Amino acid sequence: MDQIVNDLDAHGLSNGNLEIRDQQMGEEITAAAQPAYNNLITKGWTIDVTAPIAPGPHLKITGNGLDITNSNTAISEDGTDYQETTLGNPILHAFVIENFGDQDLTITSALFSTSADFVITSQPANMVIAAGGSESFEVTFNPTTLGTKSGSVLIQSDDADASIFVLNLKGEAVNVLSNQIMITQYYEGFGANDRWVEVKNISGQAIPANTYFLALFDQDAARTGIIETVVPTQNTPIPALTIGQTILFRNAVAALPVSGNIGNASQVNSNVCTFDGDDVILISTSNASNSYDQRVEIMGNISPNASTSPEAWGTNSSFIKGGCSSEEAHKEFDINDWSFLLIADVDDADPVTNLALGIQVVGPTEFDGVNWSNLIADQSRTVIITNSFSNANQTISACNLTINTGVNVDFDSNGVTKNSIVIYGDLVVNGSLTVGDTESFVSIDPLASLDIITKIEKSTELFDIHDNTYWSSPVQGQQLSTVFAGVDPTRIFEFKAGEVNPLYVGTNYKYWWVASGAMNRGVGYASEGSSIGVQTLTFTGIPYNGSFTTNMFFSGTVDTGDANENFNLIGNPYPSAIDIQRILEDNASVNEIALWTHATPLGGGIFDPADYVFYNITGSTTPGVTENIGSGQGFMARSVATGGVTFNNGYKLIDRNDQFYKSVNSKKSGIVKEEKDRVWLRLKNGTAKSDILVGFVNGATDGRDLYYDAQGYDNDKSVKFYSVIDDDKFVIQGLGAFGTDKTISLGFDSEVFGDLTISIAELEGALKSTDVYLVDHLLNVTHNLKEGDYTFEQTVTGEFPNRFTLQFAGQALDVDDDILTKKEFIISNDVESLNIRSAKEVKDIKVYDLLGRMLINQKPNKKSFNIGTSTIKNGTVLVVHATLENGTVISKKTIKY
């Protein structure tokens with residue numbers, strides 16, 4: 001030993017503690033037994049020593065191939081715990097005696113059982129076992145009374161170390177076996193009577209009628225100290241069930257789910273289905289005071305004492321058993337033995353899936369690309385894909401999903417569908433999985449184990465190679481040079497808010513920088529195309545999943561002089577669409593989101609900032625834009641406070657990856673999920689346009705509100721339309737509840753001349769049945785936009801923030817008879833002329849039509865004169881705008897006859 005120590009020291013290999021153990025016996029060799037042991041301890045070495053087996057016979061007992069120690073604790077794995085049996089149904093287990101010694105082992109007497117419940121039904125065939133040999137024996141558990149039983153088998157031999165080996169056994173005698181019948185689904189709908197319980201025979205044999213009872217213990221009975229001895233509040237005998245049969249118990253007047261969403265199981269009306277979410281439901285062999293003690297399945301919390309109400313667990317909820325939870329019955333309640341379902345999922349369930357009440361299968365279901373082996377998959381099922389296929393004809397939901405080796409799944413419809421692969425547990429890809437552009441991969445569990453997928457993302461058609469698209473990576477480990485192969489690397493950009501690029505000082509692009517390297521999670525990137533047409537990108541990696549926060553720059557001032565400084569280019573971090581509304585509701589640092597559309601062609605190398613669609617809690621500046629941000633999409637977010645944007649799995653949308661503003665158009669128009677009182681207005685000049693939204697929504701006021709009012713991206717535009725709050729310009733304005741007395745100030749900025757047109761792009765809610773008037777304060781014209789667009793001539797450029805008012809109770813379009821009777825300013829019609837008589841000299845007179853187009857412009861400097869109208873169509877409503885010698889401005893309306 002000393003030589004070992006010295007050799008270890010010489011090589012500098014010893015420190016710490018030393019343990020020397022006998023590998024065979026597992027016993028530590030003490031310091032007293034080995035000289036130099038203490039020396040080795042100080043050097044820190046553990047030396048495993050296989051002690052030689054002492055000469056002679058040595059006995060070992062095994063069950064189910066596992067070693068059993070002398071005087072063991074009975075466990076089911078090695079067969080010493082027989083678990084349950086019914087009276088008259090004995091269970092036989094076999095055990096083996098092995099001799100690992102080097103001499104014959106002699107069993108010196110017959111094996112002996114200490115209990116009549118455990119009968120030795122087969123002794124060893126040979127009482128002498130050669131070295132290395134073995135003999136088996138059998139013990140049958142055959143109880144005669146109910147309850148838990150225990151006993152021992154004594155094995156005597158000439159093994160000096162174990163002359164008497166004690167083999168401990170146990171088992172339980174029951175009236176009926178556990179795990180023969182179970183509650184497979186629970187449903188408490190929002191309606192007071194919509195209560196259902198689904199039960200299934202899982203015994204492998206027919207169950208006679210009245211063997212079991214479905215019992216309800218209400219919250220007064222479901223308490224420790226009461227439930228053990230009280231008769232159930234309600235109970236119903238369970239009818240005879242064939243092997244694998246499912247049966248439904250229902251409230252007699254339950255209205256939902258409707259019959260079209262229920263399987264074909266027989267239905268039994270039961271008062272048990274008057275439960276609430278704080279009651280206990282169980283299956284028992286008794287409906288008397290021992291019902292709880294004789295339970296074989298239970299759902300619901302039991303309070304810890306007789307004076308405390310149970311904790312609610314199932315209110316307005318549905319739960320199901322399946323591959324993501326359990327497929328066994330349980331005598332103790334654990335909510336994790338069931339999977340939670342939304343009531344809507346059950347109400348809308350396909351009646352040939354487990355989600356539907358009245359149908360329940362166990363085990364996985366396989367899919368060969370066309371057919372399902374064991375009913376259609378749903379979130380309670382484990383799915384195995386066994387054959388390659390190329391389509392996305394249906395949404396696939398699964399608890400766990402495995403794609404077998406050599407199987408290639410191309411879940412891609414080429415833009416025809418927006419179906420999803422939805423995984424509630426883990427994803428194992430032994431082959432390959434590709435998810436198309438409009439399709440989604442949705443992982444529900446933030447801690448799920450996921451494998452590599454390929455996500456396809458496409459731009460809309462690029463008409464110029466310099467058209468920019470905003471992107472974000474939906475999977476891990478992506479490099480810009482790989483994803484954007486073929487794109488000029490100097491034309492891939494990132495937006496660094498607050499950090500000015502010296503190359504672009506004083507321009508609209510001052511925060512843009514050339515990007516390179518890895519694509520960071522939750523960050524957006526702008527890239528030109530590699531060619532004109534549709535640009536297709538491929539992202540291959542493990543899908544991003546779970547909660548994630550991306551940092552945002554905030555200047556410290558909401559109303560900074562450089563409004564663009566607080567915008568950040570971030571991105572959707574998942575391979576599915578996400579909900580803009582949830583981002584805004586959960587992240588107080590974000591006021592609005594801007595989606596880049598690039599709807600206007602490049603002009604002199606300049607992009608039109610009007611091509612941003614803005615979205616906040618009030619809605620979007622462009623009608624038809626819904627709350628979903630497509631997978632792989634980058635977008636601008638305006639910060640109004642310090643902090644980042646936190647994404648989580650609750651933002652993911654299923655079957656909604658149909659809106660992706662990447663360039664010219666969205667993939668498809670979306671579906672607005674909630675109709676509010678809103679009006680979208682559009683100012684247009686030729687191809688240039690500017691949209692704004694005015695909405696009346698809960699939570700907003702008529703003043704300035706964060707999250708309801710959006711100023712947009714402040715940039716040079718040929719035309720910019722806006723509403724005005726406290727002299728500031730907004731592209732979205734949210735106000736309190738709608739009323740016809742509301743008025744909204746509107747203005748515009750223009751760098752162009754010619755005709756400008758204001759129109760209604762879309763109406764929602766109460767505004768559909770309300771007149772919408774535009775008041776032109778320059779021309780003193782009130783125009784009903786529901787009767788037509790309003791066009792006016794713009795002869796100068798600049799800012800015109802107070803020209804218009806939007807209102808909902810308008811002035812009449814007829815001549816104001818009250819003023820006319822005063823004879824201060826009279827207009828009368830003559831043949832092809834208007835006759836003007838005024839109490840004051842008229843210095844200037846202009847005549848417009850209702851579209852705001854100037855038809856006549858004269859300076860008469862007279863009190864009485866005629867205006868020719870031969871070029872004006874009969875029936876045209878005219879607005880006469882006169883400036884008198886004292887500066888008074890009078891506007892009148894008349895009609896050309």
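1. The count of cavities of 30 Å³ or more comes to one. The model is a predicted one, and the totals below should be read with that in mind. The space in the largest cavity is about 50 Å³.

2. Which residues line the largest cavity? They are Val-558, Asn-591, Arg-638, Arg-704, Asp-705, Leu-706, Asp-709, Gln-711 and Phe-730. By class, four of the lining residues are charged, three are nonpolar and two are polar.

3. The largest pocket has a volume of about 750 Å³. Its lining has 28 residues, and those nearest the centre are Asp-345, Gln-379, Ser-397, Tyr-424 and Ile-654. The classes are 15 nonpolar, seven polar and six charged residues. Strand S23 (339-341), helix H3 (343-347) and strand S27 (396-398) each contribute at least two residues to this lining.

4. On the chain as a whole, the secondary structure amounts to six helices and 65 strands. Of the 897 residues, 51% are buried.

5. In soluble globular proteins, nonpolar side chains tend to be buried together. Here the largest nonpolar core has 36 residues. The residues with the most contacts inside this core are Ile-385, Leu-401, Val-409, Leu-427, Leu-433, Phe-441 and Phe-484. Another core, of 35 residues, lies apart from it and includes Ile-181, Val-199, Val-268 and Phe-275.

6. What does Leu-401 touch, not counting residues up to four places away in sequence? The list is Val-383, Ile-385, Ile-421, Ile-423, Asp-426, Leu-427 and Val-428. Of these, Ile-385 and Leu-427 are also named among the residues with the most contacts inside the largest core.

7. Pro-364 is in the loop between H3 and strand S24 (365-367). Is Pro-364 buried or partly exposed? Its relative accessibility is 42%, so Pro-364 counts as partly exposed; the partly exposed class runs between the buried limit of under 20% and the exposed limit of over 50%.

8. Neighbours within four places in sequence aside, Pro-364 has contacts with Asn-374, Arg-381, Thr-382 and Ile-384. Gly-322 is 42 residues from Pro-364 along the chain, and the C-alpha atoms of the two are separated by 9.2 Å.

Notes: Residues numbered from 1 in each chain as written. Predicted model: local features only at pLDDT ≥ 70, side-chain atom pairs only at ≥ 80, totals over all residues. Heavy atoms only, no water. Core = buried A, V, L, I, M, F, W, Y, C linked by side-chain atoms within 4.5 Å. Buried < 20%, exposed > 50% of the residue type's maximum accessible area, 1.4 Å probe, protein only. Contact = heavy atoms within 4.5 Å. Helix = DSSP H or I, 4+ residues; strand = E, 2+ residues; numbered from the N terminus. 1 Å grid on protein atoms, 1.4 Å probe; cavity = no way out; pocket = protein on both sides within 12 Å on 5 of 7 lines; lining within 4 Å. Points joined across faces, edges and corners; volume = space filled by probe spheres on them. Nonpolar A, V, L, I, M, F, W, Y, C, P; charged D, E, K, R; others polar.
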